[in-house]
Amino acid sequence: MRTAIPLFALTLILSASTSLAQTTDFVWDALIPADPTQPFSETMVGGQFGGSFAANGPFDLDGDGKIEVLVCDFSGGQRVHVFEVAGADTWELVYSTPYYEDTLDPANDFIVSCRDVTGGDLDGDGNGEIIFISGDEFVGANPAGTTSGIFIYEFTGTDNDFGTAEATAFSVEQLGEPIPSYMKSDNFSTIDIDGDGKEELLFPNDTGNDEWLILSVNGDIGSGFETLVVELRLSSGVGGGEDYDPVDRGGGSTYAVNAADLDGDGTYEISFHSWNDFNFHNGDVLGPDEYKVPGTGDPNLFFKATASLGVDDLSWFNGVVVDINDDGDDEIFYPREYGFDGGQYEYVSVMNYEQGEDPLQITADQFRVDLVGPLSAYGIDAGDIDGNGTLELIGAGRGYDGQDYDAGRTPKYLRVAEWVGGQGGDPEDPSNYRLSEVEFDITPFDTLFNVVVRDSAGAITVYHENAGDFGAFPTNRPEEISPTSVSFLGDADGDGLIEVAVGFYGINDSLATIDEVWDAGAGFYRRSVRSRVAAPHRPVFRIFELTESFGVNSEAQIVLPTDYHLSSNYPNPFNPSTQFNFTLPIDKTVSVRVFDVAGRLVRTLVDGQRLPAGAHTATWDGLGDRGIPVASGSYVYTLEYGNFRLARKMTLLK
């Protein structure tokens, strides 16, 4: 079981210091520079700027009936967090993997590791797995000592515990020749695509090889004998592709592999997407580990959907597969990002096949560009928000910046396209969708901006600007607090309303107050940083509860390990007894224990009891578990809650 302070660590702490404040080994916020007056680095060194491209769910990987959200966090290190519903409008962080990287290569100007995470059961043993792909731009001395690969953490059998290290990691060498230089993917998922009773990993490997992969696992994950099976490996193939797949499939960086029943025959087809004029290519599943893809000379084997528009677009955060019109076959809705033409940025396109059309051929007849919008340029999902039995498309809406805040505009982080076309309606008809923009209240999470004090020849004005201008897409737009991924969670907390998880990007580690003075001779404002402080919040993901009319009912409370508190004991030193308080943010099963300086258990004061939220008091009378008085000396008392623990030091003096 993963604990925040292992017993052996207690000895190290005591030997290093004569006093012990409340401590945990888990820090939710990103790494913050020791000197907050230094600005964040635009080359991302130290992970000082970032957020999450993936807040995915719903999952229940430990089988306890409680919905989980997996968050891939690249703020201050590459790691994955598990958040579990803990009550009405309340979620709690219950597990985190170790850091995989906290010092990126300074030559790299963009975070490219840990961009997505999914859950599954690839070995079919009933123990859920956390699966993520990471390692592009790892430096040699990263904390985990790992290289690029597929990392899998498996449920150990203890509630919310997935181990202190990965159960297995598959390296690039296991993909076979030619060996990619690294693994990197923004979008991957697990599904039993071929009906063989085993889940496959659908994996677009955006490397120099530009590959689409369907992978599976033989053997028990964690046994040491598991092997990675490559069921299908395609190259996007510009100019003829790789030797293992010498077919031009449209070219470009690979961004999506989706399973969908496009023709309604009860089996899956495969949609492959790459970044080359919004390129798409399809395949078919024939049976267990058997796939069919078009080859050289086959008609219409790929379609560059925006080539005629003269723009090179992609669907960065993948599309969503859904039978929107309930006619028995699936459609795939793909947001279009990097669209600079005529305001079509943030429009969503659809892949749709009519009865009798061959899903291995794709033309403009099967792909409607810019069907509905503005809806999303990034993440998209689908679900029935209003409970009327029909689905809505849910897209990542507009980012929020300093100009919005100064103008009094409220954030609009989500958009909804309601299907109103009825059963069997045409999914390519824009009139069958009704658009709504979800308006949010301004909270402290939405005001993470620099403050600029402008002096225009003695006239002082104050305005807000984004804390960084790195990574703005399109490039002519200011950097924003930007929603990225969107996950429809259903009524996860059982209160009758729908929850949606949203990842956020553009979350900065520090905020500045900037003086701006007009220089008449130079003809511009000269700037200087008056002060810089650590950002009070770094919300890389949030969960919102929506109403049936597509408004925001509430934002969920996110409970972190640091929300638990353990007070100093009084008196200290003490004889014969002492008291201390502990505070729980939610109802929680906890243990309170006393250890000696060697880490040996001395006394259990609370043993796995479910206690209500609020303040509690514990008393230790200086006796061990057998009722025998203990010797004078230093002791450590702990509050244990799930996978985390708080600890403080006290002294018995007789």
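D161 counts as buried, because its relative accessibility is 2%, a value that, like the others in this report, was computed from a predicted model. The place of this residue is in the loop that runs between strand 8 (149-154) and strand 9 (168-171), and there the side chain of D161 makes a polar contact with the side chain of T156 at 3.0 Å.

A second residue, T190, lies in strand 10, which covers residues 189-191. T190 also counts as buried, because its relative accessibility of 18% is under the cut-off of 20%. Once its neighbours within four places in sequence are left aside, T190 is in contact with several residues, among them T118, G119, G120 and L122, as well as E199 and L201. Although T190 and G119 are 71 residues apart along the chain, their C-alpha atoms are separated by 7.2 Å, and the side chain of T190 reaches the backbone oxygen of G119 at 2.8 Å.

| Side chain | Partner | Distance |
|---|---|---|
| D161 | side chain of T156 | 3.0 Å |

Elsewhere in the chain, 4 strands form an open sheet with antiparallel pairing, in the order 23-24-25-26. Strand 23 (380-383) and strand 26 (433-438) stand at the edges with a single partner strand each, so one side of each is left without a neighbour in the sheet. On average, and with direction ignored, neighbouring strands of this sheet are turned by 25° against each other. Strand 23 pairs with strand 24 (residues 392-396) in the antiparallel sense over 4 bridges, and G383 has E392, in strand 24, as its bridge partner.

Note on methods: Residues numbered from 1 in each chain as written. Predicted model: local features only at pLDDT ≥ 70, side-chain atom pairs only at ≥ 80, totals over all residues. Heavy atoms only, no water. Helix = DSSP H or I, 4+ residues; strand = E, 2+ residues; numbered from the N terminus. Buried < 20%, exposed > 50% of the residue type's maximum accessible area, 1.4 Å probe, protein only. Contact = heavy atoms within 4.5 Å. Polar contact = N/O pair within 3.5 Å; in protein donor to acceptor, adjacent residues only side chain to side chain. Pairing = 2+ DSSP bridges. Axes fitted to C-alpha atoms, helices over the stretch in contact; angles between N-to-C directions.
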